[in-house]
Amino acid sequence: MNRLFIGGVVLGTLAFAAPADAAVTVGSRLINDPANSGECAMLASPCTLAARIHPQDGSLNDAGAPVDGVVTRFRIKGYGIAGPATVRPRVVRLGGFRPGAADGAAGATGEPLVVPTDDDGTDVPVHAYSTRMTIRRGEFLGLDGTNVAATYNSSGDAFTYVFDPGLVTGAAARPSSSVTGELLVQADIEPDADRDGFGDETQDTCVASDTKRCSDSPRDTTAPGLTKARLRGRTLSFSISEAATVTVRIRRSGRTAAKRTVRVGAGAKRLTLPTRGLRRGRRYEVRVTAADPAGNVSKPKTLRFTVSR
Ligand SMILES: [Ca+2]
Ligand SMILES: [Ca+2]
Ligand SMILES: [Ca+2]
């Protein structure tokens, strides 16, 4: 438990162990003021700062998030350089640790946050924001953006990886560009037992269902059932279990030669294959898939077809 700490510790009043299903607070203790002038400000593009270690009294937090859940509050101790700075909170998957570098891939991100500028030069305040980002055990906290000062260096310690340019959702992991001091960010992680992406304590009014409200209909997670697919001449017939967008691709040697997309309701259907551009006498593969409005895609059905006329 010494790798995580909770709100009472941050406030300096009381240390207590959180029950397994309660919110936890992870990240920097936000004790020091930023001492750098904004790592991303020097770069040509906004970068991602990914915090691996947040130094604490005698222990280091380098295992990432201790639980699965949703980040519902995100705090930054920092200021915008030469005006308010817009940044995004970011979850980062770090791995491949080696001296001075690591590999990073983008996890979830939240809505942009505006960090005010430091107008009077006194102690930098902690700015707290409501947000909603899914985080998994072992993932790390980060920040996307530029022109924000939010890192603290203690005798050259390197606790945060810099990715320049910033990490992009869906892209493969890649090596960090450089390292910097402690990233002054902190997050409250609430459980998300129903995995709907809403924190179960303050965001989710229906923890018994994978929707935000109990009155919402359950999410559709079932792919359309595509059955009885037959070809007679150029006529394709099939049966489908729910309303869907059906895509028919006519392929040869792995390349799509013709394609047709139709929206259909549930039940038995027929449609005519597109043959424009196909060569007579050649044999083609007919690949049929169906996607429902929620984006669930059926397993493909594959048939064969020879162009006769
Ligand atoms: Ca939830
Ligand atoms: Ca729910
Ligand atoms: Ca469905």
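Two strands are said to pair if DSSP finds at least two bridges between them. By this criterion, in the predicted model shown here, strand β5 (residues 69-77) and strand β18 (residues 185-190) run antiparallel and are joined by six bridges.

**Figure 1. The predicted model in overview, with one helix and 25 strands.** The protein has 309 residues, of which 33% count as buried. Among its contacts between residues at least 6 apart in sequence, 70% join residues at least 24 apart. The average pLDDT is 87, and 90% of the residues score at least 70. The pLDDT is below 50 over residues 1-17, a stretch with 22 contacts in the model beyond near neighbours in sequence. Where pLDDT is low, the predicted coordinates should not be read in detail.

**Figure 2. The open sheet of four strands, in the order β1-β18-β5-β10.** The pairing in this sheet is antiparallel. Strands of a sheet pair through backbone hydrogen bonds, either parallel or antiparallel. β1 (24-27) and β10 (126-135) stand at the edges; each has a single partner strand, so one side of each is left without a neighbour in the sheet. From one strand to the next, the twist averages 25°. A close view of the pair β5 and β18 shows their six bridges. In one of the pairings, R73 has D188 in β18 as its bridge partner.

**Figure 3. The largest nonpolar core, a group of 45 residues.** In soluble globular proteins, nonpolar side chains tend to be buried together. Within this core, A50, A150, V185 and I189 touch the most other members. Strand β7 (residues 85-98) supplies the largest share of the core, five residues. Another core lies apart from this one; it has 11 residues, among them F238, V248, Y284 and A290.

**Figure 4. The surroundings of I189, one of the residues that touch the most other members of the largest core.** Neighbours within four places in sequence are left aside in this view. The contacts of I189 are then A23, V24, V26, A65, V67, G69, V70, V71 and I135.

**Figure 5. The hairpin of β21 and β22, with two residues between the strands.** Strand β21 (residues 244-252) and β22 run antiparallel and are joined by nine bridges. R251 stands opposite T256 in β22. In the turn, S253 has a positive phi of about 55°. Strand β22 (residues 255-264) is hardly covered, for the count of buried residues among its 10 residues is zero.

**Figure 6. The open sheet of three strands, in the order β19-β20-β23.** This sheet also has antiparallel pairing. Its edge strands, β19 (226-232) and β23 (267-272), each pair on one side only. Neighbouring strands of the sheet are turned by 15° against each other on average, direction ignored. Five bridges connect β19 with strand β20 (residues 235-240) in the antiparallel sense. The bridge partner of L231 in β20 is L236.

**Figure 7. The loop between β24 and β25, with P300.** P300 is found in the loop that lies between β24 (283-291) and β25 (301-306). Because P300 has 13 C-beta neighbours inside 10 Å, this residue counts as partly exposed; a residue counts as exposed with 12 or fewer and as buried with 20 or more. With neighbours within four places in sequence left aside, P300 is in contact with R287, V288 and T289. P300 and V248 are 52 residues apart along the chain, and their C-alpha atoms are separated by 9.7 Å. V248 belongs to the core of 11 residues.

**Figure 8. The loop between β14 and β15, with T169.** T169 is found in the loop between β14 (160-163) and β15. T169 has 10 C-beta neighbours inside 10 Å and therefore counts as exposed. Apart from its neighbours within four places in sequence, T169 is in contact with A106 and T109. The C-alpha atoms of T169 and V92 are separated by 9.9 Å, while the two residues are 77 residues apart along the chain.

Note on methods: Residues are numbered from 1 along each chain as its sequence is written. Chains are lettered from A and ligands numbered from 1 in the order in which they are written. This is a predicted model: local features need pLDDT of at least 70, side-chain atom pairs count only at pLDDT 80 or more; totals for chains, interfaces and linings use all residues. A nonpolar core is a set of buried Ala, Val, Leu, Ile, Met, Phe, Trp, Tyr and Cys residues joined through C-beta atoms within 7 Å. Two residues are in contact if their C-beta atoms, placed from the backbone, lie within 7 Å. Axes are lines fitted to C-alpha atoms, for helices over the stretch in contact, and angles run from 0 to 180 degrees between N-to-C directions. pLDDT is the predictor's confidence in each residue, from 0 to 100.
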